[in-house]
Amino acid sequence: RAQQKLTPKIPALDQVLRKAGYKTLGFTANGWIDPRHGYSAWTTFRNQIHAQDSMDAERVLSLARAALKSVSKQKWFLYVGTIDTHVPWRARKPWIGKFADAAYNGPYKTKINGIGVEKIVQGKTTVSDADKRHIVALYDSNVSYQDEQLGAFIEELKGWGIWDDTLLIVTSDHGDELWENG
């Protein structure tokens, strides 16, 4: 997988828009969105994983805001890739209080990492119903955190007076199955 790369026969959106005169800005915490994998026409680009910097949506969006301020009067394309719904899932406040049972004191009280999830999926670790409910609460608190960060970003664009001329596309690379189907 490390050798996977976009085919040059089909240009990526950053390439198409840069050729059309747009400033192309990319800020992500997704390791796959990177020039090594074919995303290569950025005017400004930063990958938080490769920079070994915070991968929280708040940090990724703060970098995007700063870059956008310098080009906001020009034609621009901004890609922001947040990954807060990927493991590790941390107990995000204040949302964890909304979703979790306050009495829960199990092994996943504040966090579950990818290795922990893998062990559960592979049947190497047994989890109780309370553990399952809390793991779902961890995930939900991260979804809510990410939603709040996006909402704050939208409000900032409105405050700058550019929201009405902005097209926002929200996508997801995948979801997580959290015992919905057994």
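Reply: In this predicted model, R92 lies over the face of Y145, 3.8 Å from the centre of the ring. This is a contact between a charge and a ring; pairs of rings are a separate matter. A pair of aromatic rings is described by two quantities, the distance of the centres and the angle of the planes.

The count of aromatic pairs comes to five. One of them joins W42 and F45: the ring centres are 5.3 Å apart and the planes meet at 25°, so this pair is stacked, given that planes under 30 degrees apart count as stacked. The two residues may also be described by their accessibility. W42 has a relative accessibility of 10% and therefore counts as buried, since buried means under 20%. F45, with a relative accessible area of 25%, is partly exposed.

W42 forms a further stacked pair with F77, with 6.4 Å from centre to centre and 10° between the planes. This pair links distant parts of the chain, for W42 and F77 are 35 residues apart. W42 lies in the loop between β1 (23-28) and β2 (44-47), whereas F77 belongs to strand β3 (residues 76-81). The relative accessible area of F77 is 18%, so F77 is buried. Taken together, ring pairs link W42, F45, F77 and Y79 into a cluster.

The strands named above bring the sheet into view. Strands of a sheet pair through backbone hydrogen bonds, in either a parallel or an antiparallel manner. Here three strands form an open sheet in the order β2-β1-β3, and the pairing is parallel. Strands β2 and β3 stand at the edges, and each has a single partner strand; therefore one side of each is left without a neighbour in the sheet. From one strand to the next, the twist averages 10°.

For T28, the bridge partner in β2 is N47.

Helix α2, which spans residues 57-71, lies across β1, β2 and β3. The direction of α2 is at about 165° to that of β1.

Terms used
Residues numbered from 1 in each chain as written. Predicted model: local features only at pLDDT ≥ 70, side-chain atom pairs only at ≥ 80, totals over all residues. Heavy atoms only, no water. Phe/Tyr/Trp six-rings, centres within 6.5 Å; stacked < 30°, edge-to-face > 60°. Buried < 20%, exposed > 50% of the residue type's maximum accessible area, 1.4 Å probe, protein only. Helix = DSSP H or I, 4+ residues; strand = E, 2+ residues; numbered from the N terminus. Lys NZ or Arg CZ within 6 Å of the ring centre and 35° of its normal. Pairing = 2+ DSSP bridges. Axes fitted to C-alpha atoms, helices over the stretch in contact; angles between N-to-C directions. Contact = heavy atoms within 4.5 Å.
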